[in-house]
Amino acid sequence: MEDSQIQSFYKSRNVFITGGTGFIGKVLIEKLLRSTEVSTIYLLVREKKGRTVDERVDKMFDDVIFNVLKKECPKYKHRIDVISGDCTMPDLGLCMQDKQTLMSKIDIVFHIAANVRFNECLKLAYMINVNGTKEILKLARQMTNLKSLIYVSTAYANCPYNEIEEKVYNSIRYDYVETLIEKMGDEEDVVLTSRILENHPNTYTFTKSLAESLIKDTGGGLPIGIFRPSIVISTYKEPLAGWIDNLYGPSGMIAAAFLGVVRVIFCDRENIPDLVPVDSCVAGLIATAWDISTNESLTETSNHLPVYNYVSSVENPITWDEFVELNMISLKSFPSSNSLWDTFVIMTPNVYWNRVLQIFYHTLPGLLIDFVAILSGKKPRMMRLYKTTKKSSDAISYFATRSWKFSNDNIRNLWQKMNRTDQKLFPLSITTVHWLIYFRSYLRGIRLYLLREPEDTLEAARRRYVRMRRCNTALKWFLIYIIYEFALKLLSYFHSYMF
Ligand SMILES: NC(=O)c1ccc[n+]([C@@H]2O[C@H](COP(=O)([O-])OP(=O)(O)OC[C@H]3O[C@@H](n4cnc5c(N)ncnc54)[C@H](OP(=O)(O)O)[C@@H]3O)[C@@H](O)[C@H]2O)c1
């Protein structure tokens, strides 16, 4: 076997990561520590909820995602250095000493931190997603050893376009928006935001697109690339299958359906929800940083800016229909111990039909369950739950009812450029993902890591699932019988009335 070019690129390098405590960040840290010989990973972390940055990182390493690493590289913590900072602050809120360290030591930067809430107020989204990126570029210019800087954007940063190529679409000038935002009072924010967003569905895609324009305009001469994943979901294989730590996007919808709470999903079943597993995405990130470092066209005077669309729809697409179908198959093996009722899902792309179905399948049963809860002295929860699920369903509806045509030549070329060893170590190509195998672990992961239902409850849950299915079938036949009887009675009534 040939030597790994990617491993030798990372060997003894110092890496700076923002957003390391997030979903993608954790998997990146784990993979870098386990599969490369990086010297030190510097993590930019902010204090949160009264916890210091060190406490937060200690807690982060308690996550099961790091269990394999702990076994394989027990001394991994020596290679972590936590730096206190915040993307919304000037100079990222770094103290002078930390700034000096980063400037003199860092070889590779992954700027992952972002506010990913779709409907965050524009000012805050701008401060984190655009201003934070501006500060990163400022710092990167002073890094004397910088070989590669990856900005993690999203494949939907340019969602107003139907065809998305691997280039920056300078549709809105970030400095124009900055001036508007500076002039805005808090009250104006709500009113003006929708006008400023133009044809973007939310402040998230809008500010990610602004950050891309900022990089295009001011990132010249830096060894920088933009990496755009589509919808990132749980791990395929590494370090463990099915791991996920959030309920964003389709995973939230599936978890709610899994629990028998959601039955209607507003989406076009023929559309492709462009999904990518987080471990494949991280392999792509790691390889992209290497690719940037070898890109000779990125000279100090060049304005070339490589963009990598990390998507599945081009080479290995699945439709919403298949997504739901594969989950339904896996449901038999991994049912929830806490599901309310038998799971089934109706998909519709029609706004009005969706509303009607929501009333019959969500609102009315929800009201009934809450009514029974109140009568038995319990707290009513269902309508509150439906309000929350409706909010997240509304947030993703724009994406669930549309399709985009992406190109991903840079990712495909990168895969071809990697030698066999690297392809094995960093399997970034989405063609290596077998969805049937993937979805066997997906529900299991949601059950185990998000809903915290231990594996030893599975047998009982399976028996309960079979009982529920039988009850559901019995209830259906009973209802059919009642309707049939009612129709017969009605018929005989009309018969005796007329003759
Ligand atoms: N997940 C997806 O499906 C997806 C798809 C496409 C692109 N992306 C992009 O991938 C990146 C990571 O997404 P994710 O899913 O991992 O999100 P995530 O789990 O919400 O993580 C966001 C990270 O950003 C950090 N952060 C937020 N505001 C910050 C601030 N002011 N200063 C410093 N750090 C801050 C968070 O730190 P705290 O822990 O302190 O909050 C966290 O580490 C984002 O750039 C996102 O746009 C994600």
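Is leucine 92 buried or exposed? The model is a predicted one, and in it leucine 92 has a relative accessibility of 1%, so it counts as buried. Buried here means under 20% relative accessible area. Leucine 92 sits in the loop between β3 and α5, and its phi is near 60°, a positive value in a residue other than glycine.

Aspartate 91 belongs to the loop between β3 (80-84) and α5 (96-105). Aspartate 91 also has a positive phi, of about 55°, although it is not a glycine. Its relative accessibility is 29%, and therefore aspartate 91 counts as partly exposed, whereas leucine 92 counts as buried. As background, most residues other than glycine have a negative phi, and most peptide bonds are trans.

A peptide bond of the other kind is found elsewhere in the chain. The bond from glutamate 238 to proline 239 is cis, with omega near -15°. Proline 239 is placed in the loop between β8 (231-233) and α10.

The ligand comes next. There are 27 residues around the ligand, and Thr21, Lys48, Arg56, Tyr204 and Lys208 come nearest. A polar backbone atom of glycine 19 is 3.3 Å from an oxygen atom of the ligand. For alanine 114, a backbone N or O atom lies 3.3 Å from an oxygen atom of the ligand. At cysteine 87 the ligand atom is a nitrogen, 2.9 Å from a polar backbone atom of that residue.

Tyr204 and Lys208, listed among the residues that come nearest to the ligand, have numbers that fall within helix α9 (residues 203-218). This helix has 16 residues and spans 22 Å from its first C-alpha to its last, close to the 22 Å expected at 1.5 Å a residue. Helix α9 is mostly covered, with 13 of its 16 residues buried. At the start of α9, a side-chain oxygen of asparagine 202 comes to within 3.0 Å of the backbone nitrogen of tyrosine 204.

What is the volume of the largest cavity? The structure holds four cavities of 30 Å³ or more, and the largest has a volume of about 80 Å³. Its lining consists of Ile254, Ala257, Phe258, Val324, Asn327, Met328, Leu331, Thr343, Val345 and Leu443. The elements that give two or more residues to this lining are α10 (249-258) and α12 (320-331). The largest share, four residues, comes from α12. By class, the lining of the largest cavity has eight nonpolar residues, two polar and no charged.

The second largest cavity has a volume of about 60 Å³. Seven of the lining residues of the second largest cavity are nonpolar, three are polar and two are charged.

The largest share, seven residues, comes from α13. The lining of the second largest pocket divides into 15 nonpolar, three polar and two charged residues.

How far apart in space are threonine 473 and aspartate 342, C-alpha to C-alpha? They are 9.7 Å apart in space, while 131 residues separate them in sequence. Threonine 473 counts as partly exposed because its relative accessibility is 40%.

Key: Residues numbered from 1 in each chain as written. Predicted model: local features only at pLDDT ≥ 70, side-chain atom pairs only at ≥ 80, totals over all residues. Heavy atoms only, no water. Expected span 1.5 Å × (residues − 1). Buried < 20%, exposed > 50% of the residue type's maximum accessible area, 1.4 Å probe, protein only. Polar contact = N/O pair within 3.5 Å; in protein donor to acceptor, adjacent residues only side chain to side chain. 1 Å grid on protein atoms, 1.4 Å probe; cavity = no way out; pocket = protein on both sides within 12 Å on 5 of 7 lines; lining within 4 Å. Points joined across faces, edges and corners; volume = space filled by probe spheres on them. Nonpolar A, V, L, I, M, F, W, Y, C, P; charged D, E, K, R; others polar. Near = heavy atom within 4 Å.
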